[in-house]
Structures are given as structure tokens and as C-alpha cells.
Amino acid sequence: MQNQQPVDLNAIAWEAMRQYGFIPGFPPAVLREVEALAAKVFPDTLEDPRDLRSLLWSSIDNHDSEDLDQIEVCEEGPAGEIRVRVAIADVDVYVPKDSETDRHAAHNGTSVYTGVKTFPMLPDRLSAGITSLLPGRDRMAVVIEYTVLPDGSTIPGDIYRAIVMNRAKLVYEEVGDWLEGSGPVPRTVRETPGLAEQILLQDEAAMRMKKRRTERGALALETIEAEPVVTDGRVMALVIQQQNRARCLIEEFMVAANGSLTAFLENAGLPMIHRVVRTPKNWEGIVAEATERGETLPAEPDAEALTRFLIRQKAADPDRFPDLSLTVVKLMGAGEYVAFQPGDVPVGHFALAVTDYTHGTAPNRRYVDLIILRLVKSVVDAEPRPPYAPAELDDLAVRLTDREKASQKVERFVRKAAAAVLLRDRIGDTFEAFVTGASEKGTYVRLIDPPAEGRVVLGEQGLRVGQRVRVRLMAADPYKGFIDFGRTW
């Protein structure tokens, strides 16, 4: 086994991108266009932007992220309310509609993060350079304001263009450990005057919003996605991204910001694209999952009842909770993009417990966010007509839903390939595992250590989701993304 040929995971990732309809590299016309761009702060058409560089803006992201889409800052009001500003990178300044770069971004639709290689939607000179809200750089942005009241409800505020500067690039794990009391104050926070108080105020605003959304049925889901750790082309381990207070902070801020964007465009009477998760089509399956665990859910879909059930299950059995979450996600159905015209009845986002919602806070990474950014700017700049016609948005919503699903398939396949590389020298070894899926399509398990997933091809009869079993590794094929197990008794 030690003499096996090395596996080129980069090549596997590139081939997976092609297989699912992506263009993994940037065409020469795009690269020429981007290289010819001159870095600038103020677009030619903007005469009097607001200068907000004096505010204590900061970002929280992964330690290696350079494609920073948003920064945040808060201030407390006299009656306990918290005013939030979220600045979104004005990518459209450098990527005008129908440019070569724009057409390529529209084709791929999203950045794809495989854990082995990242395939950015925009060239690095943009997404990790002049359109990124990196610290210490003057940047144009669209600023979204909203107010968080003491009860966690939010009031949308103004949206406008401004010049901003990120003062501190923070990391999820470091900030999360500090907020949860399990780690020290991050060095950047400690060394930046006023930043500790600023982050604590942001955390307070986020906790208010999270509490209110949870009370209204926002689903407390927690799935596991094991990312490969690759060093010099070798898979060293699989790691699980842990949810923490810092990730929750950014999630809550973006949910509220996206809701504010939707309200802004609706008030302007513009068509847009909504992000929706429909009422679960297989609610009966979710009810059956609850029944297996000795609980009862209503016969009709009820987000609040489902949330309370999930919270109880997480407390009672945290080890198996990610697998229950994954089952619920599959039974609910995937999120999608839907074109929305003024006067339409919104579909809503069942999982987030919000009615009017879009994706507009990550224009470096998702094309739909760039669309929303352009629509918002057309209102702010009082353009005579919106940049997109309703029929164009219909086509884009369908296309971008497809691209999102395809990106998830690429990421899943490459993660399985990396896990197969990690395990292929351990054929015959036995592992503790949880059953994560059991249907006509097959029975699947997730190992406890390492957290790799695979199919049970021997002895799968009678296994049920959530059951803890011992399995023996029978095969691992990185090129097919297969990991096969047999049950041991």
C-alpha cells in the first residue's frame, strides 16, 4: 500500500469543475481586461461619496480569506438600540455589466471552494485585491444601515455609497474563542483602541437577532462538512468547521443586511432575485424522524415546532445531531433563487424564518450578489431604468440556482476524493461510525475519526440513520470519489 502512485488532487478538482459545466481557468480576454484596470477609489460618476473611513470598521472571516466582501461597525443608541452599518465591496466599479469579466462570472456563477483548490469567480487581482475590503485600503462600498432594537427586531435604514477602510481583519476561531470565554482577546483586537468594545457590541446585536429569529422558527441546523488539510500535495487530515459566536455574529448581520436590501428594492418598485427555501415538501418524513426519537410534530409544516425539536435533540445527543440536521436539510429541499416582481407574493425562507430575503452581501464570491448590488446602485444613483429586465432576472435565477447546485457537487466530490486519499493506506482497518443515510439509493456512514463519509456495501441491511456501528474499510478510490465499507459484527 505504501507504494501507491501519488494522487493529483488538483487535477481531480479541475476535471470535476469541467464535468459540472464550469470554466475552471480564466480566459485570456478576462485576464487582459483585468490587468488593464487602474486601481481607483472613486468611480468617475460619483461626485460626492460619504467618507466613512474614520469609523472603526472590521471584518471577521477565515484565517486565509483574502476575498473580503463585507465589513461591519456598530454604535449604541440612547434607548438601548444598536445601529449597524454593513459595508459591501463595490465590485461593480471594476466589473461592469457585460464586460468580459462579467460574462465569465455569470457563466460560473460562484466561487467554488474544494478544500484542495479554490476556483474564484473573479481573478485574484480583483477578488483578493482591488475589490476586496482588505485592511488599510481605501475602498468604495455600498453601506447598508439597520437598527437592532432591544427585543432583537430590526428596522431597515438608509442604503448609500461611501468610501470606507477596514481597520482590522479578524479570524472566526480567535474571535469565537474569546467571545465564548475559552480563549484570550485576539492580538489585533487587543492592540486596536476601542475594537474590543466594538466587537462586544456587535456580539450583543447578533445575540438579540438570533434569539428573536430562533423564537420565530429559524432552524437550529448544524451539518458536518469535513475539509481536507493539504500540505505539499498530501492530505494530512480532515477537519470540521465548528460553529461559534463569531460565525453566528456574521450570519446574523448578513441575514439582517440581506433583508434590508430586499426591503430597499421593494420600496423602489424594482424587480429582483429572492433567495428562498420553500415549505418542506417532505414534511411527513421530518415528522417520521421526530417520531423515531419519541417526539411529535404537527401534521402541517411548523418552523417553530421543528426548531424546538432540533434544540432538544442537540442537547440530548450532540454527537448525532449533525446527522439529524443533514436528514432534515435533505427532507426540506435545497434553497433556490427565484425572480421576484413588484406585487408578487414572496415565497420566503423557511429555514431562516424570514419572508423577504436575497443574497447581496458577497459580490466577490457569488454572481447573484453582484446583480443585487447593481440593482441597489441604480436606485441610489437615480438611474432612469434598472440594469436588468424582468425576463433577464427570470433566466438568471434559474441559471444561478443550477450553478449553486453544481458547485456543491464539485465540492462534495473533491472532498470525497481527498478523504479517499487519506484512507487508501488503511484498507482492512475498522472504524466507529454513525449511519447518515439509509434508503433505496444506498446506506451511508460517517466515521468518527477521521470524519470521512462512505457507502456501506456489505451488511447494510437493517441499518437506520443515527445508529452507531463498526465498519471495515473495503475500498477507497480517489478518482471516482468512492469510499466503501462493510459492516462488522
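Predicted model: local features only at pLDDT ≥ 70, side-chain atom pairs only at ≥ 80, totals over all residues.

Residues are numbered from 1 along each chain as its sequence is written, and side-chain values use heavy atoms, with hydrogens and water left out.

**Overall build**

- The chain has 13 helices and 17 strands. Both are DSSP runs numbered from the N terminus: helices are H or I with at least four residues, strands are E with at least two.
- The radius of gyration is 23 Å, which agrees with the value near 23 Å for a compact globule of 489 residues. It is taken over C-alpha atoms, and the globule rule is 2.2 Å times the number of residues to the power 0.38.
- Along the principal axes, the C-alpha atoms fill a box of roughly 75 × 55 × 50 Å.
- Of the 489 residues, 52% count as buried. Buried means under 20% relative accessible area, exposed over 50%, and partly exposed in between (1.4 Å probe, protein chains only).
- The accessible surface comes to about 22,100 Å², and 49% of it belongs to carbon and sulfur atoms. Areas come from the Shrake-Rupley method with a 1.4 Å probe; for residues, only the protein chains shown count as cover.
- Among contacts with a separation of 6 or more, 73% join residues 24 or more positions apart. Contact means heavy atoms within 4.5 Å.

**Nonpolar cores**

- The largest nonpolar core holds 82 residues. Y146, V164, F253, Y367 and I371 touch the most other members.
- Helix α8 (residues 245-267) gives this core its largest share, 10 residues.
- A core is a set of buried Ala, Val, Leu, Ile, Met, Phe, Trp, Tyr and Cys residues joined through side-chain atoms within 4.5 Å.
- Beyond its neighbours within four places in sequence, I371 is in contact with I273, Y388, L393, L396 and L400.
- Another core lies apart, with 19 residues, including A420, L463, V469 and A476.

**Helix packing**

- Helices α3 (residues 100-108) and α13 (residues 390-423) pack at an angle of about 65°, with axes 8 Å apart. Axes are lines fitted to C-alpha atoms, for helices over the stretch in contact, and angles run from 0 to 180 degrees between N-to-C directions.
- On the α3 side, A106, H107 and N108 meet R399, L400 and R403 of α13.
- The residues of this contact divide into 2 nonpolar, 2 polar and 2 charged.
- L310 lies in helix α10 (residues 303-316). At 0% relative accessibility, L310 counts as buried.
- L310 and A220 are 90 residues apart in sequence, yet 6.3 Å apart in space, C-alpha to C-alpha.

**Backbone details**

- Most residues other than glycine have a negative phi, and most peptide bonds are trans.
- D98 has a positive phi of about 75°. D98 sits in the loop between β4 (82-89) and α3, and counts as partly exposed at 47% relative accessibility.
- A382 also has a positive phi, near 55°. A382 is in the loop between α12 (367-380) and α13, and counts as exposed at 61% relative accessibility.
- D449 and P450 are joined by a cis peptide bond, with omega about -5°. P450 lies in the loop between β14 (442-447) and β15 (453-458).

Terms used. Nonpolar A, V, L, I, M, F, W, Y, C, P; charged D, E, K, R; others polar.
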